[in-house]
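Here's a quick briefing to read alongside the sequence and the model.

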Amino acid sequence: MARQIVIDPVTRIEGHAKITILLDDQGAVEDALFHVTQFRGFEKFVEGRPFHEMPAVMARICGICPVSHLVASAKACDALLAVRIPETAVKLRRLLNLAQFVQSHALSFFHLSSPDLLMGMDADPAQRNIFGVIQQQPELARDGVRLRQIGQKIIEILAGKRIHPSWVVPGGVSNPLTAERREQILAMIPDAFAIIHRTLDWYKIAFEQFRDEIRVFGNIPSLFLGLVTESEPGEHNAMFEHYDGKFRFVDESGNIVLDQVDPARYMDYIGEAVEPHSYLKSPYFKPKGYPNGIYRVGPLARLNIIDRCGTPQADREWTEFRALRRGVVLSSFHYHYARLIEILYSVETIQRLLNEPDILSPKVRAEAGVNALEGVGVSEAPRGLLIHHYKINEQGLLTWANMIIATGHNNLAMNQSVLQVAKHFVVSEKLTEGMLNRVEAVIRCYDPCLSCSTHAAGKMPLQIELKNSRGEVIDELVRG
Amino acid sequence: MSPQPVPQVRVVTLKIDGRDVGATEDETILEVARQNGIFIPTLCYLDGLPSIGACRICLCEIKGANKLLPACVTRVQEGMEVTTDSERLTRYRKTIVEMLFAERNHVCAVCVSNGHCELQSMAQKLGITHVHMPYRYPKLTVDATHARFVQDDNRCVLCTRCVRVCDEVEGAHTWDIMGRGIDARVITDLNQAWGDSSSCTGCGKCVHVCPTGALTEKGRSTAEMVKKQQFLQYLMQMREAKQ
């Protein structure tokens, strides 16, 4: 008899989602689906609003990564103003975006995933959470809390507040950086370096015990997409980029499929399919069609598409990372590793930017009216490529908006990853915690950001239902 | 020629919140209260503009009166006993402000006037944490046709400060009210787009006297619109001095 296992809600991710595992008559996994169950509607309700409000409105999409939306939205608005914003404003926005990488990656790695990594996938769920980490390895928990605090503090120092600041505006930023604030940020850098190096050392030993998981946690062929620095197309000298730059698509063997594409032309290459089981659209690489055009974005993709990071310490770690596999690193388990290397890159770059001579320049905003009726803003959010695309009328009021968020890009890959893990680990009709936790854990690798809500404490109840082909519940497991 | 007779204005004494205060009979309760350092909350009132008692936030209890009276338009009388603050008044004031929030789309978090809005600060002062009635979510438009200013009906509380300043101070009478009750709206000229108005001088007085984000300067992002209202009193003083 065909059966269905539903994991609802998926815990320790940002937002609300559920997973359905479909079993065939023999009890083997036939299919698995990742559903995003919440509907937001931002693209609709911003219609008619002045575009100058967009960065702050769009930042409300998420409480974890408001800065990412601020940056991408402000870039789309810059395109509507059709101005080149002051160089110092670009640097300040970069600083803010990197601080966001530090805090968000720290949240994902330490608060959400380190319980699995420290205690193993089969540990008691009552212990397998951040509080368990605090008990078992307090220094790891302390490092996580401190590192996230540093990222948040930098955002607060730059933008006025930690969550939903409105400092990034169309044309630049609203206030310049002061010398005193620069010193406050610089004073935290040594601490950040010490923590990230300590964590990398710990992780490189810890992940060895997850060989099984690494083999089947989204270890799938796919394309990888992200921004790289501008260079000659196809030449292997592009570096890590998170604010400007061009698109690069790389295939599962590490070959460059498409390079140096203007992000404003994203629609030429990215299509969006809609599946009835989820509110999350499924973007795909148009030339390969749907669903073959599966691609991944985010830390793993970013480290797979570049030829080097561009900072000395991150480059050393990156070289080691890429040696994990010939070509590109395919297993989504390594998103965790990539996240740590990106934190290191971010800390190095924050330090470099703060020491640039023009970082305190008071010229941080370009003023202009409506000079273009359509604008695209693209940046790298911690979870991957973020696209904001607006159309306005002559008055500057929004007539249309489209956004593709990182979690959307990864949708097809997350579905395939869930299926791969379920096929490998859900082998009997008897459900176990460890089995189901692995299905959730592969989703956590992608650190999906499904909305502005977070369940960082791992306290959400988990309900699993076994259903037969007629939809009747034949078994139920509840934890909470 | 004999000198003009000086109009006789009688001096009265009254009690406000139990305090004996002196005033002249042409003064309002609000003016006398402020002279004596007694706070009465107001929203549609603005020093320098004629008062209309529209918002009812400044309602006070007057001994012997069978209804509450707005302090901004009620003149003092000999022997009056006024209470400006009581549990009942706070309850009414809170309800009025809650109704203003429920009536239109006041989204403070992303409003250009966030942090500099009189409606928002009034709610904070009154200790409003929730709106206890259902929001109406009306579908209202934004007029951004003017080269320098934006009018957003979503944030308007119909205080008519814009109408009054434009008519009484600027002398243009670009703004007026159209419709009645819940359908009332401020309009420019004969409900034409602001940018097409032939009477608007573009002085910006309406923008700066507006208590909320209903009238703002174009190009302002969230929380960036700071209103400057000192000009009004200065203008009025200069005009009085000339007369």
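**Backbone, core and packing**

B:T160 sits in the loop that runs between β7 (149-152) and α4 (161-170) of chain B; helices here are DSSP runs of H or I with at least four residues, strands are E runs of at least two, and both are numbered from the N terminus. Keep in mind that this is a predicted model, where local features need pLDDT of at least 70, side-chain atom pairs count only at pLDDT 80 or more, and totals for chains, interfaces and linings use all residues. Residues are numbered from 1 along each chain as its sequence is written, while chains are lettered from A and ligands numbered from 1 in the order in which they are written.

- B:T160 has a phi near 65 degrees, which is positive even though the residue is not glycine.
- B:T160 counts as buried because it has 21 C-beta neighbours inside 10 Å (buried takes 20 or more other C-beta atoms within 10 Å of a residue's own, exposed 12 or fewer, partly exposed is in between, and C-beta atoms are placed from the backbone).
- A:Q260 is another non-glycine residue with positive phi, near 55 degrees, and it lies in strand β8 (residues 256-261) of chain A.
- A:Q260 has 18 C-beta neighbours inside 10 Å, so it counts as partly exposed.
- Going from A:Y290 to A:P291, the peptide bond is cis, with omega near 0 degrees; A:P291 is in the loop between β10 (282-285) and β11 (295-296) of chain A.

**The largest nonpolar core**

- This core has 193 residues, and A:L96, A:V102, A:L158, A:I341, A:V418, A:A422 and B:C162 touch the most other members (a nonpolar core is a set of buried Ala, Val, Leu, Ile, Met, Phe, Trp, Tyr and Cys residues joined through C-beta atoms within 7 Å).
- Helix α4 (residues 87-119) of chain A gives the most to the core, with 13 residues.
- Setting aside neighbours within four places in sequence, A:L96 is in contact with A:V67, A:V71, A:I155, A:L158, A:A159 and A:V168 (contact means C-beta atoms, placed from the backbone, within 7 Å).

**Helix pairs in chain A**

- α4(A) and helix α6 (residues 138-159) of chain A pack at about 160 degrees, with axes 8 Å apart (axes are lines fitted to C-alpha atoms, for helices over the stretch in contact, and angles run from 0 to 180 degrees between N-to-C directions).
- That angle makes α4(A) roughly antiparallel to α6(A) (over 145 degrees; under 35 is roughly parallel, 65 to 115 roughly perpendicular and the rest oblique).
- The residues of this α4(A) and α6(A) contact divide into 16 nonpolar, 7 polar and 1 charged (Ala, Val, Leu, Ile, Met, Phe, Trp, Tyr, Cys and Pro are nonpolar, Asp, Glu, Lys and Arg charged, and the others, Gly among them, polar).
- Helix α15 (residues 411-425) and helix α16 (residues 433-445) of chain A also pack at about 160 degrees, with their axes 9 Å apart.
- Residues making the contact include A:V418 and A:A422 of α15(A) and A:V439 and A:V442 of α16(A).

**The end of α4(A)**

- A:M119 is found in helix α4 of chain A, and it is partly exposed, with 18 other C-beta atoms within 10 Å.
- Beyond neighbours within four places in sequence, A:M119 is in contact with A:Q127, A:R128, A:G132 and A:Q136.

**Between the chains**

- The contact takes 17 residues from chain A and 14 residues from chain B.
- On chain B, the side touching chain A has 7 nonpolar, 5 polar and 2 charged residues.

Key:
Two residues are in contact if their C-beta atoms, placed from the backbone, lie within 7 Å.
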